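Here is a short briefing to read alongside the structure. Have the viewer open, and follow the topics one by one.

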Amino acid sequence: MANKSSVFDMIGPVMIGPSSSHTAGVVRIARAAIRILGGIPDEASITFYNSFARTYEGHGSDRAIIGGLMDFRTDDARIKDALEIAKERGLIYKFKSIGNSSVHHPNTIKLNLKKGDRIIEVVGESLGGGVINIAEVDGFVANFSAQNHSLIIKASDVAGAIAFISSIIAQEKANIATMSVSRKGKNDLACHVIEMDSGIQKITLEYLRSIPWIKELIYIPDIDL
């Protein structure tokens, strides 16, 4: 097993560890999750699946995820001391591991986060080369990379919702790269996940939030900005 004080080496702006899947990708999953949460959590329960479950300590994924939860960037030298810094800052965290889950990607992390009264669940996958996929948000299928400007909209399952939201984005001249919609059931809550090539104005976000059938809107710029 690698010495815990030496699994991260910093060369320029790039994190170099045992693999980018276990370091940079993990940091990015956490940084995406705290933007969904709305800030750095007070408490975090972190579950590592499959290959992560077997290697997260030796490869430094434990420190990478906690560093990301404190919004450290992938090239932040503090990541190697993230566990100690988290304790100093009062971030309560615990790790779990599930080694054999056939329904999860080999490098999967589930984050259950709490900040004040807000509680979320995010499932992220580290795909290699620092690339990530946010697979689920609060039980909804999400599948977005957090490398583009992203909208997560929870809304009532009403007719015309997709067309309406798309038309508002089009007025901003923001090109939609990907869009997915999942729902709990017919006429139940739906989750729209939209990735755009460029951002949209605050006034437009506030307008969308004012629509009665839109229950929650989360806007995530590129997490590396």
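In helix 6 (residues 202–210), the buried residues pack against strand 9 (149–156), helix 5 (161–171) and strand 12 (214–220). Please keep in mind that this is a predicted model.

- Which residues of helix 6 are buried? They are Thr204, Leu205 and Leu208.
- Looking down the axis of helix 6, you will find these buried residues within an arc of 100°, so they line one face of the helix.
- As background, an α-helix has 3.6 residues a turn, so residues three or four places apart point the same way.
- Lys202 and Ile203 are exposed, and they sit on the face of helix 6 that is turned away from its buried side.

- In general, strands of a sheet pair through backbone hydrogen bonds, either parallel or antiparallel.

**Pairing within the sheet**

- Strand 3 and strand 4 run parallel and are joined by 7 bridges; here Ser45 stands opposite Lys94 in strand 4.
- Strand 3 is also joined to strand 5 (residues 107–115), by 8 bridges, and these two run antiparallel. If you look for Ile46, you will see Leu111 of strand 5 opposite.
- Strand 5 pairs with strand 6 (residues 118–128) in the antiparallel sense, over 8 bridges. Lys114 stands opposite Ile119 in strand 6.
- Strand 5 and strand 6 form a hairpin with 2 residues between them. Gly116, in the turn, has a positive phi of about 60°.

**A closer look at Thr47**

- Thr47 belongs to strand 3 (residues 43–50).
- Apart from its neighbours within four places in sequence, Thr47 is in contact with Lys96, Ile98, Thr108, Ile109 and Lys110.
- Val123 lies 76 residues from Thr47 along the chain, and the C-alpha atoms of the two are separated by 9.3 Å.

**Helices on the sheet**

- Helix 1 and helix 3 pack at an angle of about 30°, with their axes 7 Å apart. Since angles under 35 degrees count as roughly parallel, helix 1 is roughly parallel to helix 3.
- The crossing in which helix 1 passes helix 3 is right-handed.
- Where the two helices meet, helix 1 brings Val26, Val27, Ala30, Arg31 and Ile34, and helix 3 brings Ser61, Ala64, Ile65, Gly68 and Leu69.

Definitions and conventions
Residues are numbered from 1 along each chain as its sequence is written. This is a predicted model: local features need pLDDT of at least 70, side-chain atom pairs count only at pLDDT 80 or more; totals for chains, interfaces and linings use all residues. Side-chain values use heavy atoms; hydrogens and water are left out. Helices (H or I, at least four residues) and strands (E, at least two) are DSSP runs, numbered from the N terminus. Contact means heavy atoms within 4.5 Å. Two strands pair if DSSP finds at least two bridges between them. Buried means under 20% relative accessible area, exposed over 50%, partly exposed in between (1.4 Å probe, protein chains only). The arc is that of the directions from the helix axis to the C-beta atoms. Axes are lines fitted to C-alpha atoms, for helices over the stretch in contact, and angles run from 0 to 180 degrees between N-to-C directions. Angles under 35 degrees count as roughly parallel, over 145 as roughly antiparallel, 65 to 115 as roughly perpendicular and the rest as oblique. A crossing is left-handed if the near helix is turned anticlockwise from the far one by less than a right angle, and right-handed if clockwise.
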